Amino acid sequence: MLSAVLFSIGAATVLLRRNAIIVFMGVELMLNSANLAFVTFGRMAGDIDGQVIALFVMLVAAAEVVVGLAVITAVFRTRRSASVDDANLLKY
Amino acid sequence: MTALPTTLAAAGPGAVSAAASGAVQERAWLLVALPLAGAAVLLLGGRRLNRWGHWLAVAMSWSAFVWGVMLFASLHGQAPDDRSRTLHLFTWVPAGNFQLDAGLLLDPLSVAFVLMVTFVASLIHVYSVAYMEHDPDRRRFFAYMNLFVASMLLLVLADSYALLYVGWEGVGLASYLLIGFWNHNPDYAAAAKKAFVANRVGDLGLTVAIMIMFATFGGVTYTQVLSGVDGASEGTLTAIGLLLLLGACGKSAQFPLQSWLGDAMAGPTPVSALIHAATMVTAGVYLVVRSGPIYEAAGTAQLLVVIVGAVTLVFGAVVGCAKDDIKKALAASTMSQIGYMMLAAGLGPVGYVFAIFHLLAHGFFKAGMFLGAGSVMHGMDGCVDMRGFGRLGGVMKVTWLTFAAGWLAILGVPPFSGFFSKDKIIETAFATGDGARPWLVGSVALVGAGITAFYMSRLFFMTFHGGQRWARDSHPHESGLLMTVPMVVLALGSVGLGGALAFDDTFLNWLEPATGVAHEEDPVIAAAAVQGLTLALVAAGVALAWARYWRAEVPVTAPAGNPLTVAARKDLYQDQVNEVLLMQSGQYLTRSLVFVDNRGVDGVVRGTAAAIGGLAGRLRRWQTGFVRSYATSMTAGVIAVVLGVVAVRI
């Protein structure tokens, strides 16, 4: 239940906020809510698969944070803005 | 030539030893090869042959004639039943089960043709040496003439329909090249194209006929086809007969494909004499006679041959009455005379003999008259309008005399050659069939003879008699010996050939092995009455022409004339009919096909491309570049999937 609420908050953050850092934080929130759900269901089922997967997710999220923050920094450096709406060059 | 059959008949077997005759026959391919070599040398030899090239062509033609005479003599030395011989030359198309050999068929019919073709061609070659003297392209002219002779000989000597077709196309090609010989004149070039296209229509019939023959009889040699006739159904034979008739109509300028012959007069006059009077245009008659057994087994096709002949014979005669161009009047007359031959060829074995007989006689007198017309044109500086002639008999005595011989021959005045052939055709027309048919066909032929007498006399009187209508300052003169001698020889043929061939039924007996035994039946009215009627009609025609074109003054400009005259001057609107029925509808068809192609076929292709392009243009609007809108659509998609899964579970 808590994980669903956290996931929704994270998703809303991603969709509604314009600042890339905040959006990024939303993404992290969604990942962690998913982790919470994994661990919870793993405990309910009585095995450790859920915990193992949560550990993997954390690992991948750490790598993702590195790449994501680097991208955001690079974009900010060139465009003087951290808004996701300004970075709209990849279009038709 | 005139006395040839009888003298050789007298000389007979003793003159030619058996071994020599075999060798002569085995080398019959030389007949085709000699003129062909002449054509090749002249065409490839270039300018250095200009001085003597024409004599080479003349020599080739004469040597073909000499070989033809030897061939005739050797065949004549054999028993009548052995006179048909097939010569295997080489394997032509070896394709699996389909074996086609090129071979020559020597039999009385083909040899009769060979003699006529080579003799008339050789005379006309001699004539042309003088006639074309001032033409810069004389060498090319003679090359084409030799090519024509070679093709014509191949046509008549072929032992299969396929090889005949080669010669058939060869003469068509030579005809095209020679009609358009002066192709710097667009009208002449157009006339050549017209002849070619009209011939192509006929050739289509011949092509399809050959295909049906192959499908039905498994081969296309005369032997295979004509011996297989008994086993084939009448429907197939009728189809073959009609298609062959179509081919014959194209080549022989028979109704409804006759329109090209008048325009074909654009060629030099020797060409008109050789190709469009004496030889090539009679190839259709040869084809029908050669395919005799097919027509005998298919009554409908045979009847149609008669009808085509009858219609053309009247058609040509009517047109001939109105033409003022001397060559076009002669062309109309040719058409009409070939109509006679066609009619005879549709009357069964008796008719075949007389068709070929008339063909030979016609070859002589019509070629003679054409050469006469050429001589007149030569003397009158190329003028062809008969209204500008008149009283030329006095200044061109030889031309006048030779033309008179041809004129009397075509009229059928005894004892000139036309009498023996044409009267026999009329009699046979009265004797064949039952019910109203002999009456109908016979009277058409009879009336045709009367009209022929009128228009030929008109031509003769307008040119050589009556008042002088040419200007004082033009100096008509007799042509040189090179031109007059061939004319004299042909005139002698017009006088004596008929009698010589008809004497003691020589020609009839000669052709019998090739055409089948002829049973002459009695005409519905007595033969003497038919002859009397014919001569009376001919006399009436001549008298009418005399009153109108000799005694009366002929106006220099053509009078308006009655509707029939006006129509006849325009070839009875044949060109217009062709234009409306065939050309315009053909153009309409091509236009509509182009329209369908542009709008239909191209439309589908281009439409598909345009639709995909447009769709892509719409779809790429989705790529806004806004990350959050992508995220929204992803979320919406995920939610939709989840809802879907849940919905399925529940």
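This is a predicted model: local features need pLDDT of at least 70, side-chain atom pairs count only at pLDDT 80 or more; totals for chains, interfaces and linings use all residues.
## Helices H19 and H20 of chain B

The axes of H19(B) and H20(B) cross at roughly 155° and come within 7 Å, where axes are lines fitted to C-alpha atoms, for helices over the stretch in contact, and angles run from 0 to 180 degrees between N-to-C directions. That crossing makes H19(B) roughly antiparallel to H20(B), a label given to angles over 145 degrees, with those under 35 counted as roughly parallel, 65 to 115 as roughly perpendicular and the rest as oblique. Lys422(B), Ile426(B), Ala429(B) and Phe430(B) of H19(B) take part in the contact (heavy atoms within 4.5 Å), and their counterparts in H20(B) include Trp439(B), Leu446(B) and Thr452(B).

Residues are numbered from 1 along each chain as its sequence is written, chains are lettered from A and ligands numbered from 1 in the order in which they are written, and side-chain values use heavy atoms, with hydrogens and water left out.

## Helices H18 and H20 of chain B

Helix H18 (residues 397-411) of chain B packs against helix H20 (residues 437-464) of chain B at an angle of about 170°, with the axes 10 Å apart, and H18(B) is therefore roughly antiparallel to H20(B). Among the residues that meet are Trp400(B), Phe403(B) and Trp407(B) in H18(B), and Met456(B), Phe460(B) and Phe464(B) in H20(B). The residues of this contact divide into 12 nonpolar, 3 polar and no charged.

## Phe419(B)

Phe419(B) lies in helix H19 (residues 417-431) of chain B and is buried, with a relative accessible area of 12%; buried means under 20%, exposed over 50% and partly exposed in between (1.4 Å probe, protein chains only). Leaving aside neighbours within four places in sequence, Phe419(B) is in contact with residues including Pro414(B), Lys424(B) and Gln531(B).

## Strands and cysteines

Strands E1 (residues 85-95) and E2 (residues 98-106) of chain B pair in the antiparallel sense over 9 bridges, pairing being assigned if DSSP finds at least two bridges between two strands. Phe90(B) has Ala102(B) as its bridge partner in E2(B).

Cys249(B) is buried at 4% relative accessibility, and Cys321(B) is buried with a relative accessible area of 19%.

Notes. Helices (H or I, at least four residues) and strands (E, at least two) are DSSP runs, numbered from the N terminus. Ala, Val, Leu, Ile, Met, Phe, Trp, Tyr, Cys and Pro count as nonpolar, Asp, Glu, Lys and Arg as charged, and the others, Gly among them, as polar.
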